[in-house]
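Please look through the model below with my notes beside it.

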Amino acid sequence: LASDLARRDWEGDPGFFALVCRSLALQSQFLAHTAESADSFDEELACAQALLLAGRFFPSVSGDELSAAGEEILAEILRRSFDATGRVTLPRPAGQLGLAQALVECLVFARGDFVRDVDANGKLRATLDTISGTLLPDGALPLFGESPVTFGDALTDVFSLGTVILSEPKWKKIAAKFGILPYLILGEHGLARFRSLPDIPWVPETCLQPQACLYRLSGPDSSAVIINARPPRNAGDHQDGLSYELEISGQRVVVDSGAFFAETGLQQQYFASAQAHNLILIDGAGPRCEVGSAMAFPAEVWEPDISTMGIRFEHRGYSGLGITYQRAWFRLENQSWAVLDRLDGTGRHRVTSLLHFYP
């Protein structure tokens with residue numbers, strides 16, 4: 001992306017530009033031959049983005065081949081990331097943001113009919129809607145999964161770009177600004193378009209997204225709880241099913257601390273464990289994961305009156321102990337929230353409830 005944006009300046013120095021082109025060509029060809037070995041969503045997405053941009057940088061048969069390789073990877077990612085109704089199924093906020101960034105670059109830089117064939121416009125709209133339904137009232141994403149940073153300008157950039165590309169003013173308030181990267185990509189025309197769109201207030205209303213295993217219950221005066229209903233996929237995954245983040249009156253109170261920095265070794269093992277999330281432990285251990293499970297925890301919603309709302313999930317991770325476990329969240333009057341864990345079973349057990357407060 002940087003090479004594409006700087007190309008005009010670099011072309012003014014033929015020697016330097018030739019050096020850059022050779023370096024990028026070698027890297028791109030290597031990536032095209034090794035991309036199929038990517039073993040994670042983030043790696044696949046990065047490969048697709050790099051190859052699409054490399055194809056744009058080299059306007060030749062080789063560029064067409066690089067673009068085709070990137071398009072093939074991205075098309076497969078999109079196929080897996082949306083359900084039959086066009087809703088985003090990615091459960092991790094960081095993954096949703098990465099997908100939105102890739103779709104923005106696809107809409108701005110992709111060549112040929114690929115944008116139309118995959119409905120990149122519609123998928124970007126659906127992705128940004130999903131992200132906006134997961135934000136805390138202060139406009140931040142929860143840190144479920146491997147999210148050791150608060151995303152910063154990446155979140156505002158993708159919403160400002162989406163606001164302009166899709167002419168959608170409802171995201172302008174989330175974007176808040178038209179930063180350096182959007183300006184480099186869309187230029188003065190993009191900035192003028194951003195400023196011309198009306199300022200629509202953003203209200204983080206209750207948003208239930210079972211297809212993505214993410215739920216937001218909202219209360220009055222900038223209060224909300226974000227619930228992660230994604231079961232762990234395996235024993236090495238983040239054991240954060242039914243962890244949550246809580247913000248009251250615009251202030252973070254409870255945060256998911258499952259990632260603190262780029263994880264390696266023993267730190268990675270700890271921050272992925274149940275001890276690093278807002279969960280319960282029974283006899284010092286977290287719930288067992290259901291290997292291969294792809295479904296969100298079963299949910300039940302109550303709305304007995306205008307000021308009260310609740311949602312309850314059933315977690316099967318303690319069934320090996322003969323214990324059935326349910327967790328429920330209630331939005332009550334006067335900005336009050338209650339979290340209730342219910343366990344039914346036999347025998348004597350020690351139960352620990354973990355809360356990670358905002359520092």
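1. Start with the contact between α8 and α10. Asp-157, Ser-160, Leu-161, Thr-163, Val-164 and Ile-165 in α8 meet Leu-181, Pro-182, Ile-185, Leu-186, Gly-190, Arg-193 and Phe-194 in α10. Contact means heavy atoms within 4.5 Å. By class, this contact has eight nonpolar, three polar and two charged residues. Ala, Val, Leu, Ile, Met, Phe, Trp, Tyr, Cys and Pro count as nonpolar, Asp, Glu, Lys and Arg as charged, and the others, Gly among them, as polar.

2. A word on the source. This is a predicted model, where local features need pLDDT of at least 70 and side-chain atom pairs count only at pLDDT 80 or more, while totals for chains, interfaces and linings use all residues. Residues are numbered from 1 along each chain as its sequence is written, and side-chain values use heavy atoms, with hydrogens and water left out.

3. Now the geometry of that pair. The axes of α8 (residues 153-165) and α10 (residues 180-196) come within 10 Å and cross at roughly 45°. Axes are lines fitted to C-alpha atoms, for helices over the stretch in contact, and angles run from 0 to 180 degrees between N-to-C directions. The two helices are therefore oblique to each other. Angles under 35 degrees count as roughly parallel, over 145 as roughly antiparallel, 65 to 115 as roughly perpendicular and the rest as oblique. α8 passes α10 in a left-handed crossing; that is, the near helix is turned anticlockwise from the far one by less than a right angle.

4. Helix α8 also packs against α7 (residues 120-132), at an angle of about 135° and with the axes 11 Å apart. That makes α7 oblique to α8. This crossing is left-handed. Leu-124, Leu-128, Ile-131 and Ser-132 in α7 meet Leu-155, Val-158, Phe-159 and Gly-162 in α8. The contact has six nonpolar, two polar and no charged residues.

5. Next, the strands. Helices (H or I, at least four residues) and strands (E, at least two) are DSSP runs, numbered from the N terminus. Strands β7 (residues 299-305) and β8 run antiparallel, joined by five bridges. Two strands pair if DSSP finds at least two bridges between them. Ala-299 stands opposite Phe-313 in β8. A hairpin of two residues links β7 to β8.

6. What lies on from β8? Strand β9 (residues 324-331) pairs with β8 in the antiparallel sense over seven bridges. His-315 has Tyr-325 in β9 as its bridge partner. Six of the eight residues of β8 (residues 308-315) are buried, meaning under 20% relative accessible area (1.4 Å probe, protein chains only).

Definitions and conventions:
Buried means under 20% relative accessible area, exposed over 50%, partly exposed in between (1.4 Å probe, protein chains only).
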